[in-house]
Amino acid sequence: MLVQLNSVTKYFDGNTILNKINFKIEEGEKIGLVGVNGSGKSTLLSLLMNEMEISEGSIYRNPHRKIGFVKQMSDLTMTNTIKEELTTVFSGLIQLQQEIQRLEVQMSQSETQDLETLLTQYGQITESFAMLGGYEFEAKIDSIISGMGFNSLKETKIQQLSGGQKTKLSLAKQLLEEPDLLVLDEPTNHLDLEAILWLENFLFQYRGAILVVSHDRYFLDKFIQSVVELERHQITRYKGNYSSYVSQKEKNEQLQWSRFKQQEKEVKRLETYVEKHIVRATSAKSAKNKQKQLNRIDRIDAPLASLKSAYLNFEMEYPSHKAVLALEDVALSVKPNELLLENVQFKIERGDRVALLGSNGVGKSTLLKSIIKELPYAEGSIKWGGNTKIGYYDQEFQSLTPELTVLEEMRQTFPEEDDLTVRQTLASLLFTQENVEKRIKDLSGGEKGKLIFAKLMLAKPNVLILDEPTNHLDLATKDMLEKSLINFEGTIFFVSHDRYFINKLATHVLELTPKKTTMYLGDYQDYLAKKD
């Protein structure tokens with residue numbers, strides 16, 4: 001056993017964050033930690049790593065095992081190059097290597113009488129060097145550099161890297177450490193698809209245990225063997241990957257909801273009896289017994305999803321014609337005389353749900369903005385079909401006015417809608433009476449995203465153009481968004497790095513490269529199979 005939490009409780013400012021958590025991690029286990037935003041995942045990781053004191057309970061950490069935790073840039077030496085920083089992981093082996101080289105020089109210059117002693121030392125050190133992996137560590141460094149996409153940057157100083165590149169380097173360094181338990185907090189953030197695929201394969205083959213917090217459900221599906229969910233300050237463990245967890249949780253919630261409703265019915269029956277008979281002399285004793293029975297009932301909580309879950313429902317005001325969008329030989333330019341994209345051509349028909357894929361920086365968002373006429377295009381033609389009404393989700397939230405409140409933004413966009421409809425739409429996305437008065441600049445990324453969804457719900461478009469719509473959303477809201485988009489009867493053209501989302505939603509995948517576009521029929525899995 002690596003770690004065990006025994007009845008661990010954590011209070012913060014008088015509020016319970018975690019309540020009597022019992023949880024253990026065994027050798028080689030691969031566990032996903034999930035929960036809605038604010039459920040206590042980061043707190044649990046901090047307690048596990050001994051970076052925060054527990055309020056009650058105890059935590060056992062195996063003193064003979066090493067735990068590694070990927071921190072955001074805190075363990076990097078800014079004056080090192082990428083390769084120098086990764087090499088520091090093997091400082092002990094490098095010292096042995098230098099000693100071996102020193103002995104080799106001495107032996108080449110030694111008198112015969114000293115040679116036997118030097119050979120003995122040399123044999124002992126080279127044996128230790130081999131046992132500790134001395135002949136493999138440089139290959140490991142090269143593999144990590146390649147996998148993380150650092151080949152062209154390996155001699156670059158860390159101080160010159162972007163925030164995302166530094167995060168990737170912190171992750172790479174921890175992977176080289178090969179701890180017995182590797183703790184990862186959102187490891188796919190800032191990684192492009194190629195690096196994510198490499199990381200998935202690395203973690204699948206990793207011999208040590210892994211505890212990972214991630215909103216990337218496809219990533220969790222690839223190598224996780226069990227899912228631990230934090231909910232209502234407590235923990236529930238499910239066997240299997242993320243998809244298995246979703247299925248099990250849905251069944252558990254249905255069962256809990258059924259038991260909750262049955263209990264509510266029984267409680268109501270007892271309360272009615274007590275209220276009716278407590279004042280009657282002939283039945284007061286029976287009523288008191290019923291009250292005691294009421295007091296002994298261990299109340300079942302309603303499933304969390306029924307208490308606090310965003311509701312999305314995208315409807316069309318009217319349908320479009322069958323031909324929705326056609327691009328022919330389109331070229332895009334962001335600088336004079338320099339093409340970003342060329343030979344872009346494809347067609348989308350009513351009811352299609354097309355995922356646009358391409359490497360970072362290829363021009364996916366630029367293409368979407370050109371299609372909706374926010375940016376000009378250099379060559380070719382972009383033609384919309386008849387009766388199209390477009391709704392656009394902008395990942396940078398530029399359609400929102402920062403100084404307006406949530407309510408003001410909605411009223412300004414939909415002056416014809418009555419106040420009750422606007423407030424009900426916002427409430428369905430968990431905007432309370434208090435936070436509809438918050439200024440948009442003070443909202444979180446997730447709240448801004450939900451506000452745009454609220455606007456799309458009221459606008460009732462028949463074509464949705466979505467640029468990274470799952471960014472900033474917790475898992476529960478992502479699931480709800482997927483269901484609502486699957487039920488949408490219109491057309492969807494979207495950019496996403498969320499492969500689970502693409503797999504659930506897409507009927508086509510459009511691959512974008514600087515020189516051409518290729519349309520594949522099917523979801524993400526079909527796209528991968530055809531690419532292979």
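In which sense do strand β8 and β9 pair, and over how many bridges?

Modeller: This is a predicted model, in which local features need pLDDT of at least 70 and side-chain atom pairs count only at pLDDT 80 or more, while totals for chains, interfaces and linings use all residues. Residues are numbered from 1 along each chain as its sequence is written, and side-chain values use heavy atoms, with hydrogens and water left out.

Strand β8, residues 226-231, pairs with β9 in the antiparallel sense over six bridges, and within this pairing Val-227 has Tyr-238 of β9 as its bridge partner. Here strands (E, at least two residues) and helices (H or I, at least four residues) are DSSP runs numbered from the N terminus, and two strands pair if DSSP finds at least two bridges between them. Strands of a sheet pair through backbone hydrogen bonds, either parallel or antiparallel.

The pair belongs to an open sheet of six strands, which follow the order β5-β6-β7-β3-β8-β9 with mixed pairing. Because β5 (67-69) and β9 (234-239) stand at the edges with a single partner strand each, one side of each has no neighbour in the sheet. Neighbouring strands of this sheet are turned against each other by 20 degrees on average, direction ignored; axes are lines fitted to C-alpha atoms, for helices over the stretch in contact, and angles run from 0 to 180 degrees between N-to-C directions. Helix α9, residues 242-277, packs on the sheet and touches β3 (30-34), β8 and β9, where contact means heavy atoms within 4.5 Å. The direction of α9 makes about 120 degrees with that of β9.

For comparison, another antiparallel pair is formed by strand β10 (residues 323-335) and strand β11 (residues 338-349), over eight bridges. Ala-326 stands opposite Lys-347 of β11, and in this hairpin, with two residues between the strands, Asn-337 takes a positive phi near 60 degrees.

Two loop residues also have a positive phi without being glycine. Asn-387, with phi near 65 degrees, lies in the loop between β13 (379-384) and β14 (390-393), and Asn-387 is partly exposed at a relative accessible area of 41%. Phe-397, with phi of about 60 degrees, is found in the loop between β14 and α13 (406-413), and at 12% relative accessibility Phe-397 counts as buried. Buried means under 20% relative accessible area, exposed over 50%, and partly exposed in between, with a 1.4 Å probe and protein chains only.

Not counting residues up to four places away in sequence, Leu-426 touches Val-406, Leu-407, Met-410, Phe-431, Val-436, Leu-451 and Ala-454. The C-alpha atom of Phe-314 is separated by 8.1 Å from that of Asn-487, although the two residues are 173 residues apart along the chain. Asn-487 is found in helix α16 (residues 475-487), and at 59% relative accessibility Asn-487 counts as exposed.
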